[in-house]
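Here are my notes on this one, as promised. Have the model open while you read them.

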Amino acid sequence: MEKTFVSNSAEETMELGKKIAKAASNGSTFCFTGDLGAGKTTLVRGIAQALNIKSVVQSPTFNIMKIYFDGSKPLIHIDAYRLADVDTDIGLDEYIGYETGLTVIEWPDFIKNLIPSNAITINITNLGDTKRQITIQTEDTSLLEDLN
Ligand SMILES: Nc1ncnc2c1ncn2[C@@H]1O[C@H](COP(=O)(O)OP(=O)(O)OP(=O)(O)O)[C@@H](O)[C@H]1O
Ligand SMILES: [Mg+2]
């Protein structure tokens, strides 16, 4: 099942992120796909806001993973972009799907074998200027209903 939204600004994308965080069950894994600059990290910032995380969520491109513990539940933010040509196991599987929190993975295709089968995929397509198409794909129909 999938549902598509159109966002006209970074703020609107963050608002959708907040709704997603509120609708998400603990232990969920989200895969964010879309080109460089599409708005994946912006959507993560909305999720972080809903969890009352005060730290600034940045692209963890150089860290690969950052875990925020200062909110209502842990947020595990992974950016696998730097793992494109790397074959080394760095133990990310211990954190993906962290059961009391939410996991968000940017560039999931670079760590395909670590993605849980029930992960929710969210693709962002740049439609020009500040317009983005955001498509959420999941078998969890109640999550999609909660996003109305
Ligand atoms: N509707 C929109 N939704 C999200 N971001 C938008 C929108 N309109 C403009 N932007 C801008 O686009 C940029 C998105 O950057 P962001 O870091 O979120 O992209 P990203 O997909 O995480 O890129 P990367 O693959 O490099 O990590 C930001 O500068 C943001 O302000
Ligand atoms: Mg990013």
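**Notes on the fold and the ligand site**

1. Start with Ile122: setting aside neighbours within four places in sequence, Ile122 is in contact with Phe30, Phe32, Leu43, Ile134 and Ile136 (contact means C-beta atoms, placed from the backbone, within 7 Å). Bear in mind that this is a predicted model: local features need pLDDT of at least 70, side-chain atom pairs count only at pLDDT 80 or more, and totals for chains, interfaces and linings use all residues. Residues are numbered from 1 along each chain as its sequence is written, while chains are lettered from A and ligands numbered from 1 in the order in which they are written.

2. Ile122 is also one of the residues with the most contacts inside the largest nonpolar core, along with Ile47, Ala48 and Leu75. That core has 31 residues (buried Ala, Val, Leu, Ile, Met, Phe, Trp, Tyr and Cys joined through C-beta atoms within 7 Å; buried means 20 or more other C-beta atoms within 10 Å of the residue's own, all placed from the backbone). H2 gives the largest share, five residues.

3. On the fold, I get three helices and seven strands (DSSP runs: H or I of at least four residues, E of at least two, numbered from the N terminus). The order along the sequence is β-α-β-α-β-β-β-β-β-α.

4. Around ligand 1 there are 18 residues, with Thr13, Gly39, Lys40, Thr41 and Thr130 coming nearest (near: C-beta atom, placed from the backbone, within 6 Å). Helices H1 (10-23) and H2 (40-50) each supply at least two residues of that shell.

Definitions and conventions: Buried ≥ 20, exposed ≤ 12 C-beta atoms within 10 Å, placed from the backbone. Contact = placed C-beta atoms within 7 Å.
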